[in-house]
Amino acid sequence: MSTAPDGTAQAVPSTRIMVTGGPGPLVVDTVELEALAQRLEVAADHLVDTAAAAGGAAAAFWLFGYLYAPSAAPAREALSAEQTGLPHMADRLRALAGDLRLQALWYEEADRRVGTAFSPGVWDYGRHFAGLLPAKVEIAVRLTDLAMVGGYVGAGLDAVHRGDVPASIAAQRHTAALADYLQYSGGEAIYGSAIVDGEVIDITESTPAERTALGLTSPTDWLGVIQRRGTEYPGLAVEQALPAAPWGVAVSGPWGPGGAPRDLSGALGPLGLPGALGPLAPVELAPVILAPTALAPALRGIMPPAMPAPGRRVQDPPTGPGPALRRIEALESRVRTTGVGVVEILRTTDGDGARHWTVVVPGTQDSGFGGPNPMDNETNLRALGGAVSDMERGVTSAMEQAGIGPHEPVAMVGHSQGGIIAARLVEDPVFMARYDVEAVLTAGAPIGPVEVPGGLPVLSLEDVEDHTVGFDGQPNTATHDHVTVAVSAPGAHPPHHWLTYAGHADLLDGLDDPGVRAWLSANERAMGTTSPGARTESLVFDIGRTR
Amino acid sequence: MRDEAPVCLVTWDESTSDNAALRAIDAVISARLVLGTAWPRVWLGSGARAYAQELEVIAAEVAAAEDRLRAAHTLVVAAEREREYHLARGLAG
């Protein structure tokens, strides 16, 4: 509710929060929610009738000459007040009914179960072997495929823009439909595998959306190469930004202006070992693709630096999820200057000398595929598909260079792509064996297929009008430790923007939900910024692909 | 959730303020009664708690509106009596 200039209460669309997952009981009968919504609307109609009758009574004073009766004026004023105020109350009831219907829709979607059964159909085999058929038949098959995909995409866009259901739900439904059609379209998909940069990935246990994403990596890689006129970026370098330099001014990495890579040959130490020149040396990672659970070789090759990496003092450190998400503003500003990816690691030393870490990973910054900036759609497809992406490797390298100890608590915060990266990292048992991640926040990230490890508190923020969260084609699995908080906040910033999610995160403190409370406690412990005597420093790392 | 919500079946002659005010009271009572049947029975969870809290606030406001309308009706009755008195004096005069 808000207040109009004349002091009367105004009915406005309210912010609605829906929580799934966590230790608390959740029982929903969506038929009951619809019945409740209908009753609220009946009550609203009665209130409108009340207002009309009150108005009629007030008008009768004028019509039938009560003006000379001393009691008439207060009676008329009282009735007029009800005539004005009751319709607003009716509007609130209708808004509440709308909220109930939204919640019914959300809970129905949250119940959607996506199978992982591996069963290509006749058409999938036909598509795969079309190359063996006469040219006319092959062309017909390809054109049919194109028409079908165009139809799915067009219908999805239309549904999102029409607004019959929230954009996230429309995107989720249409992504699921498209994924069902496209899941076996990748080169080797009908044999149960996907080949990403020469590595064979088993997709028999994947979801349709994961299979589809992996199947699209190859054609989009080619698309990227064509866009860049043949230039490829097989390498990856991770370098800490010099803390003395103001953000957005100094570009000290292996990338020139606009992200053009410089020659790294003189920057690497003997044997090309990362970190050999100290914590400020750029770390060049070999252009190899790692299996999802094979980050160990990369981790073993990078020893924690003997000296702590220098940090830049943070005067107003984030004390919760909202302020942590607001750190992304400066990171995105840096991306615009450097042209490459970025991650911020906050090192908090409490009064007892114990260190806590917060890893902040922004979302997609580049709409291309495979260019110098790894925060692009290539990373999106690989991360969504479950293949190791350059950003996973980059964030892992940055965490190593920062010197995060194996038993030091870590909080991970990711927006959009950053949320997928954070979720994919904690899904990896090797990563979790190396780091003590104690809380994860994903904001606007489609992480439905990710199997979050039990015992790790994960909170996923989703704006119901953010279509991006539906790109996984399924809801997040509601578990004891994985809480999804869906927010409907009409009139907020663009739904997918990090600032919108920062605002949503600020609402968490006011929620009386055991899952949310447990996550907030875990996150506060992991970040450590509210500990007495805590001092926080910022370590910013540039992550870029190199030639 | 199959029980029917109460519906007002009385029609009022609204030619006087008294009747119109009574009809307003009747309608607001109907709203209050319907809201009394809008509490969740099966739904459990933080969403249900938030809904119940909001419904409680609105139901209290509807009850308060009913009280105000009853008070206004008392004033209407008084005003009507005064009107009749003045009319009688006017006729007498």
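Me: In this predicted model, how do the axes of H11(A) and helix H12 (residues 417-427) of chain A lie, and why are the two helices called roughly perpendicular?

Reply: The axes of H11(A) and H12(A) come within 10 Å and cross at roughly 70°. Angles of 65 to 115 degrees count as roughly perpendicular, and therefore H11(A) and H12(A) are described in that way.

Me: Which residues make the contact of H11(A) with H12(A)?

Reply: H11(A) contributes Met391(A), Glu392(A), Val395(A) and Thr396(A), while H12(A) contributes Gln417(A), Ile421(A), Arg424(A) and Leu425(A). By type, these residues divide into four nonpolar, two polar and two charged.

Me: Where is Met399(A) placed, and why does Met399(A) count as buried?

Reply: Met399(A) belongs to helix H11 (residues 390-402) of chain A. Its relative accessibility is 0%, and buried means under 20%; Met399(A) therefore counts as buried.

Me: What does Met399(A) touch, not counting residues up to four places away in sequence?

Reply: With those residues left out, Met399(A) touches Ile345(A), Val359(A), Ile404(A), Val410(A), Met412(A), Phe431(A) and Tyr435(A). As for a position elsewhere in the chain, the C-alpha atoms of Met399(A) and Asn476(A) are separated by 27 Å, the two residues being 77 residues apart along the chain.

Me: What makes Thr358(A) a buried residue, and which residues does Thr358(A) touch?

Reply: Thr358(A) is found in strand E10 (residues 355-361) of chain A. Its relative accessibility is 1%, to be set against the limit of under 20% for a buried residue; Thr358(A) therefore counts as buried. Residues up to four places away in sequence aside, Thr358(A) touches Glu344(A), Ile345(A), Leu346(A), Ala411(A), Val413(A) and Met527(A).

Me: How do you know that Ala237(A) counts as buried?

Reply: Ala237(A) has its place in strand E6 (residues 235-240) of chain A. Since its relative accessibility is 0% and the limit is under 20%, Ala237(A) counts as buried.

Me: Why is H2(A) called roughly parallel to H5(A)?

Reply: Helix H2 (residues 72-110) of chain A and helix H5 (residues 167-182) of chain A pack at an angle of about 30°, with their axes 11 Å apart. Angles under 35 degrees count as roughly parallel, so H2(A) is roughly parallel to H5(A). The crossing in which H2(A) passes H5(A) is left-handed.

Me: Which residues make the contact of H2(A) with H5(A)?

Reply: On H2(A) they are Leu105(A), Trp106(A) and Glu109(A); on H5(A) they are Ser168(A), Ile169(A), Gln172(A) and Arg173(A). The residues of this contact divide into three nonpolar, two polar and two charged.

Me: What makes H5(A) mostly covered, and what covers its buried residues?

Reply: Twelve of the 16 residues of H5(A) are buried, among them Ala167(A), Ile169(A), Leu178(A) and Tyr181(A). The covering elements include H2, helix H3 (122-128), helix H4 (135-162), helix H6 (208-227) and strand E13 (458-463) of chain A.

Me: How does the reach of H5(A) from its first C-alpha to its last stand to the expected value?

Reply: H5(A) reaches 22 Å, close to the 22 Å expected at 1.5 Å a residue.

How values were computed. Residues are numbered from 1 along each chain as its sequence is written. Chains are lettered from A and ligands numbered from 1 in the order in which they are written. This is a predicted model: local features need pLDDT of at least 70, side-chain atom pairs count only at pLDDT 80 or more; totals for chains, interfaces and linings use all residues. Side-chain values use heavy atoms; hydrogens and water are left out. Axes are lines fitted to C-alpha atoms, for helices over the stretch in contact, and angles run from 0 to 180 degrees between N-to-C directions. Helices (H or I, at least four residues) and strands (E, at least two) are DSSP runs, numbered from the N terminus. Angles under 35 degrees count as roughly parallel, over 145 as roughly antiparallel, 65 to 115 as roughly perpendicular and the rest as oblique. A crossing is left-handed if the near helix is turned anticlockwise from the far one by less than a right angle, and right-handed if clockwise. Contact means heavy atoms within 4.5 Å. Ala, Val, Leu, Ile, Met, Phe, Trp, Tyr, Cys and Pro count as nonpolar, Asp, Glu, Lys and Arg as charged, and the others, Gly among them, as polar. The expected span of a helix is 1.5 Å times one less than its number of residues. Buried means under 20% relative accessible area, exposed over 50%, partly exposed in between (1.4 Å probe, protein chains only).
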